[in-house]
Amino acid sequence: MGLPVRTFDAVIVGGGGAGMRAALELARADLRVALLSKVFPTRSHTVAAQGGVAASLGNIEKDDWHWHMYDTVKGADYLGDQDAIEFMCRTAPEVVYELEHFGMPFDRLPDGRIYQRPFGGHMQEYGRNPVQRACAAADRTGHAMLHTLYQANLKVHTQFFIEWMALDIVRDRDGEVLGVVAMEIETGEIVIFRGRCTLLATGGAGRIFASSTNAFINTGDGLGMVARAGLPLQDMEFFQFHPTGVYGAGVLITEGVRGEGGFLLNKNGERFMERYAPNAKDLASRDVVSRAMATEIKEGRGAGKDADHILLKLDHLGSEVINRRLPGIREIAIKFANVDPVREPIPVVPTAHYMMGGIPANYHGQVVAPGATGPEEVVRGLYAAGECACVSVHGANRLGCNSLLDLLVFGRSAARQIIDDLKRNPHLKPLPDDAADRPLARLARLETQKDGERVAEVQAEMRRVMQAYCGVFRFGDLLKQGVDKIKEVAARAGHSGIGDKSKTFNTARVEALELDNLIEVALATMISAEARTESRGAHDRADHHQRDDANWMKHTLWYKQGNRLDYKPVHGKPLTVEAFEPKARVY
């Protein structure tokens with residue numbers, strides 16, 4: 001093999017909220033932790049989460065975790081696993097107070113308690129009226145969370161490997177995961193990080209779409225690694241389109257704007273959400289608002305000379321509220337939309353935002369896959385948390401501010417499971433002789449490829465195909481064509497090449513390796529979407545308008561080998577309370 005090997009108790013890939021929350025828990029248990037991140041940890045994409053973290057603290061008005069659970073099950077369009085959802089909603093206040101004790105600078109009420117704002121789909125008394133549940137630090141909650149967790153990790157001596165890219169997981173003949181092969185971006189050096197356990201916390205993959213709120217680093221690295229290792233990806237057809245991305249730029253405008261009292265207008269100056277969601281209006285679930293906006297545009301009521309966007313009005317809030325509660329949003333609007341929201345509305349369109357699917361995992365963070373014992377056999381040594389994992393608490397559609405909660409709850413939960421598992425299995429297994437064969441073959445192909453197509457051109461075509469054939473509204477005939485087209489793009493990706501063969505800080509090589517991961521996610525998304533002949537949550541089929549519980553109340557599993565699809569049941573039974581039975585979703 002001949003590669004350097006570095007050995008740790010736990011290897012974590014990804015320095016965002018989930019990775020750092022897990023690392024903190026493990027390091028506090030005196031385990032040797034390696035945390036690999038493509039960028040400096042405080043630049044991970046968690047930094048872009050603006051609006052808040054959901055928890056039923058009840059600091060402003062009465063709240064209850066049972067209501068939060070109901071909202072999440074309903075928001076997920078009943079495809080979420082109710083045991084995991086109960087676990088998350090019950091644990092929410094505890095992990096938020098924990099974060100506060102780590103030093104998180106939440107906004108405060110006059111009596112010193114954490115400030116909470118309303119957020120889409122979060123309601124009192126099982127859907128009666130909106131509730132203030134999002135614990136916020138102005139409009140920079142994710143930013144504040146990352147800095148808090150990074151500083152807490154420094155105190156407990158977590159070992160950070162910054163600007164390292166994990167290439168592939170190492171599995172032995174028994175299927176156990178023994179670490180990852182990674183590349184130091186600065187030097188091009190390849191190293192095996194050997195761990196008694198490996199946690200993937202690599203975030204989302206929104207960069208498969210042309211218009212996305214996601215950072216350029218969101219390339220589905222954990223998903224690509226898992227798919228190449230022969231494990232399935234779950235529910236990849238469900239991609240959330242955030243209602244308010246800046247028109248033309250895709251940069252996120254937080255739902256917190258509507259939580260503070262902003263609202264959407266069409267070109268006639270009409271508050272059209274009252275037609276689509278008479279109760280929750282602009283604070284309906286994200287898929288409902290995105291569809292309403294797309295319908296307004298499609299029916300000719302969009303704003304602007306091309307009638308292709310919607311207006312988000314917040315000038316009525318006044319400059320004092322905007323500058324105190326939404327300072328970052330004002331800055332984004334001025335920079336990216338060339339409008340000052342104190343005086344005029346922000347032009348917005350639905351933009352690819354969040355991946356509800358991912359690596360199949362249970363609420364302990366253990367990766368699961370169909371095996372001899374059933375549809376959810378634990379893959380020993382491998383864990384996943386955060387957006388790259390499909391637990392599935394978000395089902396077919398995620399509620400706003402449940403994502404930061406997901407990171408805290410399941411980052412901590414995975415770490416606690418790891419601590420237990422390592423007590424039971426204290427010994428390191430030997431690495432197989434072919435531990436690094438797959439990533440070394442990928443690198444060798446890039447090294448020797450002559451006259452390969454440019455990576456940027458293949459990436460651009462992939463994004464165009466995904467946007468055109470698998471967007472907010474989906475059509476059966478277009479999805480069929482999309483499957484053929486994305487397979488063609490995947491074939492081109494296999495022959496792409498780079499001109500720069502140098503070792504030192506070779507960003508062209510990094511982009512080529514990221515394309516390998518993106519293409520797996522794009523294939524999984526398009527193929528899973530074409531197969532699901534119903535509309536549910538974020539997956540909206542023009543040729544199948546209704547949700548079909550009789551045939552489609554099940555999770556999709558996509559395998560790279562032969563683009564094969566399989567299915568497994570949804571967990572309809574919570575841990576301690578009565579199940580919420582499926583019914584029509586109205587807001």
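Modeller: Helix H1 (17-28), strand E2 (33-37), strand E7 (164-171), E14 and helix H11 (402-424) each supply at least two residues of the lining of the largest cavity. Helices (H or I, at least four residues) and strands (E, at least two) are DSSP runs, numbered from the N terminus. The model is predicted: local features need pLDDT of at least 70, side-chain atom pairs count only at pLDDT 80 or more, and totals for chains, interfaces and linings use all residues. Residues are numbered from 1 along each chain as its sequence is written, and side-chain values use heavy atoms, with hydrogens and water left out.

Colleague: Which element gives the largest share of the lining of the largest cavity?

Modeller: A cavity is a set of points on a 1 Å grid over the protein atoms alone where a 1.4 Å probe fits but cannot get out; lining residues have an atom within 4 Å of a point. The largest share here is four residues, and it comes from H11.

Colleague: What volume does the largest cavity have?

Modeller: Grid points are joined across faces, edges and corners, and a volume is the space filled by probe spheres set on the points. The search of the whole structure finds four cavities of 30 Å³ or more. For the largest cavity, the volume is about 710 Å³.

Colleague: How many residues of strand E14 are buried?

Modeller: Buried means under 20% relative accessible area (1.4 Å probe, protein chains only). Strand E14 (residues 346-355) is largely enclosed by the rest of the structure, because its buried residues number ten of ten.

Colleague: Which residue stands opposite Tyr 354 in E14?

Modeller: Two strands pair if DSSP finds at least two bridges between them. Strand E11 (residues 239-246) runs antiparallel to E14, with six bridges joining them. The residue opposite Tyr 354 is Gln 240.

Colleague: Which helix gives the most to the lining of the second largest cavity?

Modeller: About 50 Å³ of space lies in that cavity. Its lining includes Phe 241, Val 472 and Ala 538. With three residues, the largest contributor is helix H8 (residues 286-298).

Technical notes: Buried < 20%, exposed > 50% of the residue type's maximum accessible area, 1.4 Å probe, protein only. 1 Å grid on protein atoms, 1.4 Å probe; cavity = no way out; pocket = protein on both sides within 12 Å on 5 of 7 lines; lining within 4 Å.
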